[in-house]
Amino acid sequence: MTDQHTLSSRSRRALERIGDIYIPGDEALPSFSALGCVEEVGRLLWYLPASDARNLGTLLGVLSCLPDKALRAFVVWVERSPMARGPHASTLRTIRIGLRGLVMSLYYGDPTVLAEIGGELYVHVGSATSLPDH
Amino acid sequence: MIYDFAIIGSGVSGGRMAYELTKGGARCVLLEAGREFSASTFPDNELDASAQLYWGGGVELSIDGHLGFLRGKCLGGTSVVNNAILDRFDVLVWDDWRERSGAAFLNEDDMAPHYDACAADMQVQSISPEHRNRNARLFTTAFDALGYGWRPLDRAQSDCALDAGSDCMRCLGGCARDSKQSSLVTTIRRARALGLEVRSSFEVHHVEHRADAVRVVGAWLTVPATVEARKVVLAAGAFGNSAILLRSPHAGALPALGRGFACHPQYITFAAFDEPVNAHKGAFQAVKAHDPELRAAGLKLENVFAPAIAAAMLMPAIGPGHQATMRQYQNLSAIEVAIRDEPAGRIRVTKSGRIMVDKPLTDRDRGRLEHGLRVIRELYRSVGARELIECRQSFGLHLMGGCALGTNAQTSVVTPEFAVHGLPNLIAADSSVFPTAPGINPSFTIMALSHRAARGLLQ
């Protein structure tokens, strides 16, 4: 991570690999990396507390060193953390929310994905009695 | 310049206090840590709204990572991002609170005029039967099938343009047509017209209490700043009020400070149907459970749904299974159980001043959760749901306690006159003063308590 509001290219690549584990793509929707939504990560990082953004950069830096199989095993491990007990369980749950938060926000915040799943939201602005513009 | 009142926090309580005190002739300044948005500048998508309008860039976690907490960080506070539900507390809560606190005014009769006065200042509506979406109709059909009671929700809204196709869920990121009666467009707007000063992006670190005034210490637009006032109203919620006091020189004299935190932990269950439900479209959250058996069991079943990012976060699977579930987003319905939890949580601050929240679920809480999930399974079975997806990631949206109201300075922080024990120039009347979790949406009662507190200060 170069500063609080950007990710290094290595960390971005790690995030794309993690994103593809969560969202591998199918016949209707692209994978996380194919969507290219990692380009929007600054919209989230800007508003994270500085210490959280630093920790995220460190985590992604470490995870970038893992081969694919080990990275997948790590994601599966943290995904079991909601029911986990023991000294590392709270850290794993925090990592899980952090990684999921980034991946799901970037992917399902994308307008093309929203349109594909029918999740768009509309608010009529102006007089309630005027004709809708959609 | 010494103000009569500095009000920290601009949500339901801060807005109400600012309005009542300014209207009463006091010179007031309102301090809000977040930025000021308006109907035309609220983010128009979930990603930006979540990042920009909430503390922590979207969510804050309990120490053990089991609970996520959502609290608004913008002018108008959580009243900008909540669903504008107005519920009065019932005798179950008032009896419990009166017994625990020793405060005689905590009863239906004494609080009624304060509820009435606040309601008179807002537009209050219910969603008409023809505007209930299929998610609401599934909720009522299932409740009828199992013999549980329900009723339409009272909502603080003026003109949602549902016939023009508005989707109320968008307004969880701020209402783009000023229909939602948040403090931003009601009390704060009126108080500004009467002379209230507002400082957004002013983050308070601590307060210093003196016999004749209070010094508020923080940063305005990241530059160190102070404000002096004869009295300070703490309206920053359970986390904010507790943290400000814990960082203040007087914390050691308040043994109950930060204790007794509760948050109505919420667990959502999605149900997949063969036909589209479109739970995210139209009037979001139209009805509620209204059933003595569920109430007595400490269960609050809610007609809710989640926008796409939140739904994706909550879905337990990963990979193709997760993606397949999200592809049927339009066919999903949801019911949530919020439990009336025991006030076993504790709010602390680290040496660097960061908030840390310990919120374990007690055995009784876990029992209530399992009971609620069983009821939801039965409800969805009765209306032919194809598949249930139970989400074990819980969120707390109603953050309560930490500065409990009571007569005993050893077990409470705020007196029945809403002053901090031993620090008469510090006032609080928001959700931080709740002695226990009510199991009922807290917004309307926060308004009513703040109305009462402001009237007391003006006398």
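**Figure 1. B:Ala161 sits in the loop between β7 (155–156) and α7 (187–193) of chain B.** The model shown is predicted. Phi of B:Ala161 is near 55°. That is a positive value in a residue other than glycine. Is B:Ala161 buried or exposed? B:Ala161 counts as buried, because its relative accessibility is 6% and the cut-off for buried is under 20%.

**Figure 2. B:Asn278 lies in the loop between β13 (266–272) and β14 (287–289) of chain B.** B:Asn278 is not a glycine, yet its phi is positive, at about 50°. Its relative accessibility is 25%. B:Asn278 therefore counts as partly exposed.

**Figure 3. B:Asn135 is a buried residue of helix α6 (residues 134–146) of chain B.** The relative accessible area of B:Asn135 is 3%. Which residues does B:Asn135 contact, leaving aside its neighbours within four places in sequence? They are B:Val277, B:Ala279, B:Asn303, B:Val304, B:Phe305, B:Ser333, B:Ala334 and B:Tyr380. B:Val217 is 82 residues from B:Asn135 along the chain. The C-alpha atoms of B:Asn135 and B:Val217 are separated by 47 Å.

**Figure 4. Helix α11 (residues 320–327) of chain B has four residues to look for: B:His322, B:Gln323, B:Thr325 and B:Met326.** These are the buried residues of the helix. They cover an arc of only 160° around the axis, so they lie on the same side of α11(B). An α-helix has 3.6 residues a turn, so residues three or four places apart point the same way. What covers the buried residues of α11(B)? The cover includes α6 (89–108) and α7 (111–117) of chain A. It also includes α10 (308–314), β16 (332–339) and β19 (387–390) of chain B.

**Figure 5. Chain B as a whole has 13 helices and 22 strands.** Its radius of gyration is 21 Å, close to the 23 Å that the globule rule gives for 459 residues, so chain B is as compact as a globular protein of that length. The C-alpha atoms fill a box of roughly 65 × 45 × 45 Å, taken along the principal axes. Of the 459 residues, 63% count as buried. Among contacts in chain B with a separation of 6 or more, 74% join residues 24 or more positions apart. Chain B exposes about 15,900 Å². Carbon and sulfur atoms supply 50% of that area. Chain B carries 48 positive and 48 negative charges.

How values were computed: Residues numbered from 1 in each chain as written. Chains lettered and ligands numbered in written order. Predicted model: local features only at pLDDT ≥ 70, side-chain atom pairs only at ≥ 80, totals over all residues. Heavy atoms only, no water. Helix = DSSP H or I, 4+ residues; strand = E, 2+ residues; numbered from the N terminus. Rg over C-alpha atoms; globule rule 2.2 N^0.38 Å. Buried < 20%, exposed > 50% of the residue type's maximum accessible area, 1.4 Å probe, protein only. Contact = heavy atoms within 4.5 Å. Areas by Shrake-Rupley, 256 points an atom, 1.4 Å probe, with all protein chains shown as cover. Lys, Arg positive; Asp, Glu negative; His and termini not counted. Charge placed at Lys NZ, Arg CZ, Asp CG, Glu CD. Arc of directions from axis to C-beta.
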